[in-house]
Amino acid sequence: MNIHEIVTNSLKQNKFIYAVFTTPRNKSENPYIKITARTVSLKGENFIQFEKFTDKQAFHENCSYEDAAERIVNMIVHDYRNINIFTEDSDFQLMVSKKGMVKVTEKEASKKPKIDEHNKKKQYIIREHEPCDFLCHLGVMNPEGDVYAKKYDKFKQINKFLEIVDDSLKDKKLQDDFMIIDFGCGKAYLTFALYYYFYFIKNIKVKIIGLDLKKDVIEFCNQTAKSLNYEHLEFLHGDIKNFEYKEKVDMIVTLHACDNATDAALVKAVMWNTDIILSVPCCQHEFYDKIENMNLEPMLKHGLIKERVSSLVTDSLRSLFLETKGYKVQLMEFIAMEHTPKNILIRAVKSNKDIEKSQAEYEEFKKFWNLNDLFIEKYFNAIK
Ligand SMILES: C[S@@+](CC[C@H](N)C(=O)[O-])C[C@H]1O[C@@H](n2cnc3c(N)ncnc32)[C@H](O)[C@@H]1O
């Protein structure tokens, strides 16, 4: 194995523990007599922390794994002659001659990782560095399984959604005819991810439909499903509001279905008595023009605040609406704010809860915000 492989593989596979660089090559130009590198975890993300020692002081610097790999290789090739790298698999001693020849000695691993399992780099349901057919096909990963930097947020989003699906179904015994609809599926990253999760991770042959308004996107999705041999995945062109389905639907998902498409999906789920709803709403414009409360005018007079408040009021009302239909509802953070501002997920599970209290709360809430003539109610009444 060459130096580059030792360093990049141990970082990529999250097996790097510690490295120490001593005997600087050029003492007059390099103020650091020793540098160490170790894994640190900050706010759930892992970094490599370099500690650089002069005669009197130590300086710290944190680097992403990608930057650290390049830097460590550079330090080996150009700056130090004596290097020890400790990984979970092996210890490596590297001796660099005056002419720059590197001699690598590999020994049995002597160190255990310092960071605990909890702090280890996050292990996703669909793993990094392992090629996944649909993610490669949709341009999220390269054929080696490395996620493209500009698609990393999408990768995280998909995995987070799958974690929530996984958690939502943990107590259920699923049959092969479990039926899922992804409303407003778009390019269908999530729909393919659900198929992959159920078929290849859980080994359950569910049925999945993705529906979208855009004909060309649906054609693309059907072609992709065919290329991947995802036989039980079907994409249909149409509007959620007009979509009819006669058989049982067990789970409905929506991810950023625009504006009141989310409301239409929630109403459909209620009408069909769907057991589980997982919905991450998108932009919503209806309430912005409707909410009014004299006491809150100092807030609502600012467009920016009003927009945020109306979005939170919308999702709160959606939750209450579902509660009035007998669902147990939780609002959870979907993915951290820095990745997408649309980060609330509504999880609703059909239950036998008493709906009287929810109905009263729903009416009070509407009164408080002066909300009338709402799409979600009109649509529900039109199709019930
Ligand atoms: C922002 S995209 C999200 C796509 C996908 N769920 C994702 O997260 O990658 C919203 C999608 O919802 C679709 N959409 C909006 N209103 C719809 C409706 N009434 N019926 C079906 N699809 C709709 C749009 O065509 C678009 O593809």
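Predicted model: local features only at pLDDT ≥ 70, side-chain atom pairs only at ≥ 80, totals over all residues.
S8 runs parallel to S9 (residues 207-212), to which 5 bridges join it. Within this pairing, Ile-181 stands opposite Ile-209. S8 also pairs with strand S11 in the parallel sense, over 4 bridges, and here Asp-182 stands opposite Val-253.

## Thr-254 in strand S11

Strand S11 spans residues 251-255 and includes Thr-254. Thr-254 has a relative accessible area of 1%, and it therefore counts as buried, the limit being under 20%. Its side chain makes a polar contact of 2.7 Å with the side chain of Ser-279. Beyond its close sequence neighbours, up to four places away, Thr-254 touches residues including Phe-161, Asp-182 and Phe-183.

In soluble globular proteins, nonpolar side chains tend to be buried together. The largest nonpolar core here has 52 residues, and Phe-134, Phe-161, Phe-192, Leu-194 and Phe-198 have the most contacts inside it. Elements giving two or more residues to this core include helices H3, H4, H5 and H6, as well as strand S11. The largest share, 10 residues, comes from H5.

Phe-161 is in contact with Val-253, Thr-254 and Leu-255, among others, when neighbours within four places in sequence are left aside. Another core, of 42 residues, lies apart from the largest one; Ile-209, Ala-348, Leu-371 and Tyr-379 are among its members.

Key: Residues numbered from 1 in each chain as written. Heavy atoms only, no water. Buried < 20%, exposed > 50% of the residue type's maximum accessible area, 1.4 Å probe, protein only. Polar contact = N/O pair within 3.5 Å; in protein donor to acceptor, adjacent residues only side chain to side chain. Contact = heavy atoms within 4.5 Å. Core = buried A, V, L, I, M, F, W, Y, C linked by side-chain atoms within 4.5 Å. Pairing = 2+ DSSP bridges.
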